Amino acid sequence: MNVLKVPGRTIAVFVLPCLLLYVSLVFIPILVSMYSGLLDWNGIGESKFVGLDNFVQIFTADPVFWPAVRRTLMFAVFSMVEIPIALFVAVLLNRYIRKPNFFVSSYFLPVILSVVIIGQLWKTIYNPASLGGMLNQILIAMGLSDWTKSWLTEPSIAIYALYIVALWQYLGYHVLIQFTGIQNIPSEIYEAAKIDGAEGFTADRYITLPMVVPIFKISIVLAFIGSLQAFDMIMVMTGGGPAHATDVISTHMYNMSFLSMKYGYGSALATILVILCLGATLIINAFFRRLEAKVS
C-alpha cells in the first residue's frame with residue numbers, strides 16, 4: 001500500500017498562517033504583559049521600570065492577593081467535582097435513553113446562555129425572601145426559615161454560592177464531552193463483554209472508564225484552567241464583593257489595572273495567573289500520562 005508523502009514545504013504553507021495568528025494574538029500579548037509587569041505604569045502616561053518590585057509587593061504586601069489565590073484554587077478544585085457527575089449522567093443517557101440527543105442538548109443549554117443572563121437569573125434566585133428570592137422562599141415553605149441567608153452579601157458564604165452557579169452552568173458542557181467519548185466506544189466491545197458475563201456497571205468499570213480516560217483528561221484540563229480564569233460571572237453577580245470576599249486573581253487583576261489605574265501591577269498579577277495556568281496544565285497532563293500508561 002502506497003503512502004502519500006506530503007512535502008514539508010506544503011505542510012509549512014498550511015501551518016504557517018495559523019502559527020502566525022497564534023503568535024500574534026496569544027504569545028506576543030503574553031510577553032508584552034510580562035514586560036508590563038516590570039513597570040510602574042498607569043496605562044496612559046509615562047512608565048518607569050521597577051524590575052520585580054510589583055511581584056515583591058504582590059507576594060509580601062498585598063492583603064487581597066493570597067485570599068484571592070486560595071479562592072481561585074478552591075474554585076478550580078470545586079469545578080472538577082462536576083466531571084464525575086457529568087460522566088455518570090453521560091453513562092445513564094447512553095444506556096437508558098433511546099434518543100438521548102434532546103437531553104444532552106437540554107443539559108448544554110446553560111452553556112450557550114449569556115453570562116449576564118445567568119448572573120441576573122441566579123441573583124434573583126439568591127435574593128432575600130422579601131425581594132422574591134426563590135431559594136429562600138422554598139426554604140421557608142419547607143419550614144427551614146433558619147436556613148435562609150443573604151447568599152451573595154454574607155462574606156462567609158458568597159463564594160460558595162458562586163461555586164454552585166458555575167457547576168450548574170458548565171455541567172452540560174462536560175456531559176456533552178463525556179457522552180461523545182462514550183458514543184465513540186465500539187459497541188462490539190460491550191457485546192463481547194456481555195458474552196463473558198460483564199454488563200451494566202461492571203462493563204462500565206472495565207471498559208467505559210479506561211477508554212474515556214483521554215476524554216476525562218480534556219474535561220479536567222478545561223474545567224480546572226477555565227476556573228482559574230473565572231471572571232465574568234463573578235463580576236456580574238458580586239463584582240468581587242462583599243469586602244473582597246469573592247475576589248479571585250482575575251477580578252483582583254481587573255480592579256488593580258482599570259479601577260486603581262495600576263496597569264503594571266495588574267500585568268504582574270496577569271503574569272502570575274498565566275504561570276499558574278501553565279503549571280496546572282503540566283501537572284494534570286503528567287498525572288494522566290501516568291494513568292494512561294497504567295490503563296494501557
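The structure holds 1 salt bridge, defined as a side-chain nitrogen of Lys or Arg within 4 Å of a carboxyl oxygen of Asp or Glu. The model is predicted, so local features need pLDDT of at least 70 and side-chain atom pairs count only at pLDDT 80 or more, while totals for chains, interfaces and linings use all residues. Residues are numbered from 1 along each chain as its sequence is written, and side-chain values use heavy atoms, with hydrogens and water left out.

The salt bridge joins the side chains of D204 and R95 at 1.9 Å, N to O. The pair links distant parts of the chain, with D204 in helix α10 (residues 201–211) and R95 in helix α4 (residues 82–96), 109 residues apart. Helices are DSSP runs of H or I of at least four residues, numbered from the N terminus. D204 counts as buried at 10% relative accessibility, whereas R95 is partly exposed at 27%. Buried means under 20% relative accessible area, exposed over 50%, and partly exposed in between (1.4 Å probe, protein chains only).

The structure also holds 16 aromatic pairs. Rings of Phe, Tyr and Trp (its six-membered ring) pair if their centres lie within 6.5 Å; planes under 30 degrees apart count as stacked, over 60 as edge-to-face and the rest as tilted. The ring centres of F65 and W66 are 5.0 Å apart and their planes meet at 70°, so this pair is edge-to-face. F65 is buried, with a relative accessible area of 2%, and W66 is partly exposed, with 46%. For W122 and Y126 the centres are 5.5 Å apart and the planes are at 50°, so the pair is tilted. Both residues lie in helix α6 (residues 115–126), 4 residues apart, about one turn of the helix, and both are buried.

A nonpolar surface patch of about 720 Å² is made by L21, Y22, L25, V26, F27, L31, M34 and V274. Patches of this kind are made of residues with over 30% relative accessible area and no salt bridge, nonpolar side chains (Val, Leu, Ile, Met, Phe, Trp, Tyr) being joined within 5 Å; areas come from the Shrake-Rupley method with a 1.4 Å probe. Helix α1 (residues 8–36) provides the largest share of the patch, 7 residues. V26, found in helix α1, is partly exposed, with a relative accessible area of 31%.

The largest pocket has a volume of about 530 Å³. Of the 20 residues that line this pocket, I30, Q229, A270, L273 and V274 are the closest to its centre. A pocket is an open set of points on a 1 Å grid over the protein atoms alone, where a 1.4 Å probe fits, with protein on both sides within 12 Å along at least five of seven lines; lining residues have an atom within 4 Å of a point. The volume is the space filled by probe spheres set on the points. The largest share of the lining, 9 residues, comes from α14, and α1, α13 (249–259) and α14 (263–295) each supply at least two residues.

The peptide bond from G241 to P242 is cis, with omega near -5°. A243 has phi near 55° and counts as exposed at 71% relative accessibility. H244, in the loop between α12 and α13, has phi near 65° and counts as partly exposed at 43%. Most residues other than glycine have a negative phi, and most peptide bonds are trans.

Conventions: Patch = residues over 30% accessible without salt bridge, like charges linked within 9 Å, V, L, I, M, F, W, Y side chains within 5 Å.
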